[in-house]
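Morning, everyone. Please look at the model on the screen, and I'll walk you through it.

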2 protein chains.
Amino acid sequence: MAELPVALGRHLGQIEAALKTNLGQGTSPLDAVGRYVMGWEDEQGRPRTTGGKRLRPALCLFAAELFGASPEDALPGAVAVELIHNFSLVHDEVQDRDAERHHRPTVWALHGEGQAINAGDHLITRAIAALIEKPRHAERSLAALRLLNDAMARMIAGQWSDISFESRDDVTPSEYIEMIRGKTGALLGAPLAMGALFAGATAAQAERLQRWGETVGLAFQVRDDYLGIWGNPDLTGKSNISDLLRKKKTLPVVFGIEHDGSGTIRKVYAQETVTAEDVPQVVAALERVDTPEFVEGEAAKLVFEAARLLDDFELPAPAREALREIGAYLVERDN
Amino acid sequence: MAELPVALGRHLGQIEAALKTNLGQGTSPLDAVGRYVMGWEDEQGRPRTTGGKRLRPALCLFAAELFGASPEDALPGAVAVELIHNFSLVHDEVQDRDAERHHRPTVWALHGEGQAINAGDHLITRAIAALIEKPRHAERSLAALRLLNDAMARMIAGQWSDISFESRDDVTPSEYIEMIRGKTGALLGAPLAMGALFAGATAAQAERLQRWGETVGLAFQVRDDYLGIWGNPDLTGKSNISDLLRKKKTLPVVFGIEHDGSGTIRKVYAQETVTAEDVPQVVAALERVDTPEFVEGEAAKLVFEAARLLDDFELPAPAREALREIGAYLVERDN
C-alpha cells in the first residue's frame, strides 16, 4: 500500500480548519448534511474523526508552495476543490444507487434522493463562496474559479458519458479514456493549476501542471480498472470480482468486448444480473484477447507521459523529486 | 390574464441571442439537453420556437436601465440567472417526479434521473461561465456572482424545506413563507439586484430592489396558492383541485391543518392518495377556519409591503410607474 507523501500530509490541519469555517456550525439541515459528508459528524450530528486525506486540497497547497507562495494564499482554492469533489460524490451516489461509502450510509440513503440532489447543489454554492467571498486577491481568485468551473464542467461531461456507456456495447477504449479524463482526471489536474495561479504562476505553467495531474489521474484509474479484475484482494484491499458483478464498463471490459470474437463478454453483460459463476468465463475471454497486457500497456504509457511532462518543467531538483513521489503515490494509492 | 409589461418584453431578442451564444451549438449531449431545456430544440434536436418569457433576465436588464446602464452591460447577469433558473427546474422535476412541463417531456423523462442531475449541474457551470469568462467589468461581475450564488443557496435551502415539509404535518405558515422566500423569491430578487450592480448602483440600492423583487415573488406564490383552491379555472387556466390531489402543502393547507380542530385535512392528507371525492370536505374544512380570508390577507400584506419598499426609493416618476406595473404583472401572471 502506497504511503501518503509528506508533502501532501503537511497542511491537513489547516485544510480541515478552512473547510470547517466554510461549511459553518449552523443549524440549517444543509450545513449539517455538509458536515456529515465531510466526515466530521455521524448521522445524529455527533462528532467523529474523519479519515479524509483531502488529496485535492493538498495538491492545491503543494502547487502554491512549488511556485513560492505560502499555503494560506491558496486555501480558498483548496477548500473549493474539496467541496466540488464532495458535491460530485453525493450526486454520483444517487446516480449509481450506492447506499454506502466507506461503510457509512450515503446522503440519499439517509435523506432520500431529492434531498441528496439538494445537498450536492448546496456544496457547489459553498465552493463558489470559498473563492469569491472576501478574496485576498480578486484577480487570482477569479482565474482559479474559471479553471475550477471548467474542470467541473468536464467532470460532469465525463459523468454523462459514464452513464450513457451503461446502455451501449460499442464503447471504444479511446472513448473510455476521454470519459475518465473528465470524470477522474479533471479534478486532480485542477487543484494543481489553481495552486499555481494563486502563487502567481503563468497560465502556461499552471496548464502544464494541470495536464500532469490529469494524466496521473488517468493512470490511477486505468491501474484501478486492472486491479479490479486481476488484482490480489489481499494486497489491494479491493474485490477483484465486484466490477464485473456490477457490469461496470471498465477499460478491460470495453477493450475485451471490442476484440472478443466469441461474444462471451457481451452476452454475459447483456444478462439481467451477473453472478460469481459468470466471472471466470468473462476473465478467460478477456485474457484470450490479451486484455491484461493491453491495460498494463495503457497504464505504463500514461505513467511515461506524466514523467515526460515533468521533464519539460524548469524545476529545482527537490521540487521535481517531490512531484515524482506525489505522482507515484497518486497512481498507486488504494482509493 | 395579466399582460407582459413593455419594459419586460423589450430585450427578448438580445436575451435569447446571448443565451444561445452561452449554451453553444456544440454536438456534446449536455449542450443538446441545454438547448432542449431552453425550448429551442425538440427531443430530436429539431428547431422549435420557444414560448419562454425570460422574466428573470428581463428584470436584470430592466434594473440596469433603471440605474442608467445599457442593457448590454448586464447581459452576463441576465444569462446567468436564466441558466440557474433552468438548472433548478431540471433538478426540481427529478425531485417532484414531474414527467411533463408545458406539455413537453422533462429531461429525466427523456434521459433518466441520473442524466437529468448531470444536465442541471452542467447548467450551473454555464451560468458561472456567463459571469466570469471575459468579464467587461471584473469587479461588478464578481459582485453579481456573489449575489447570484447567495440567492442560489437560499433557493436550494427553500427546496430542501419544501421536500422536508412533505413528511411533516406541523409546518407553520411562517415556516412556509420562509420556504417560498427561498424557493420562489430568491431568484426574482436576485436579477434585479444584479442588474443594479452591473449599472454601478450602490449595494444598498441593489439590496432594496432585491427585497422588492423577493416580496413580489412571495405575493405571487401566495396568490397562486389561493387560486389553486379557490380560483376559477376558466379565468386562471389552472386547475383548482390538483394542488389538493397532489397533497401539496400550500399556504392554505398549512394554515388549515394548524387551525382545523376536526382533523379532516390532516386525515385526508395522511391517505395514500387523495381523490376528487375528498376535495370538497377538505375545502369545507379550510373554509370553516377562514383560510381563504387568511390567505388573501397574507397576499394583500405582501403587496402592501412591496409598495412600501418602492415608496422609499428615490426614483423619477416614470421609473416608479414602470416598477409598479412590473410588480402588478409579477403578482398576477399565470405562470
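Buried residues make up 51% of the 335 residues in chain A. Buried means 20 or more other C-beta atoms within 10 Å of the residue's own, exposed means 12 or fewer, and partly exposed is in between, with C-beta atoms placed from the backbone.

A word on the source. This is a predicted model: local features need pLDDT of at least 70, side-chain atom pairs count only at pLDDT 80 or more, and totals for chains, interfaces and linings use all residues. Residues are numbered from 1 along each chain as its sequence is written, and chains are lettered from A in the order in which they are written.

Chain A has 17 helices and 2 strands. These are DSSP runs, numbered from the N terminus: H or I of at least four residues for helices, E of at least two for strands. The C-alpha atoms of chain A fill a box of roughly 60 × 50 × 35 Å along the principal axes.

Take one residue. A:His259 sits in helix H13 (residues 251–259) of chain A. Buried or exposed, or in between? A:His259 counts as partly exposed, because it has 15 C-beta neighbours inside 10 Å. Its C-alpha atom is 8.6 Å from that of A:Leu286, 27 residues apart along the chain.

Now the contact. Chain B gives 30 residues and chain A gives 30 residues. Two residues are in contact if their C-beta atoms, placed from the backbone, lie within 7 Å. On the side of chain B that touches chain A, H8(B) gives the most, with 12 residues.
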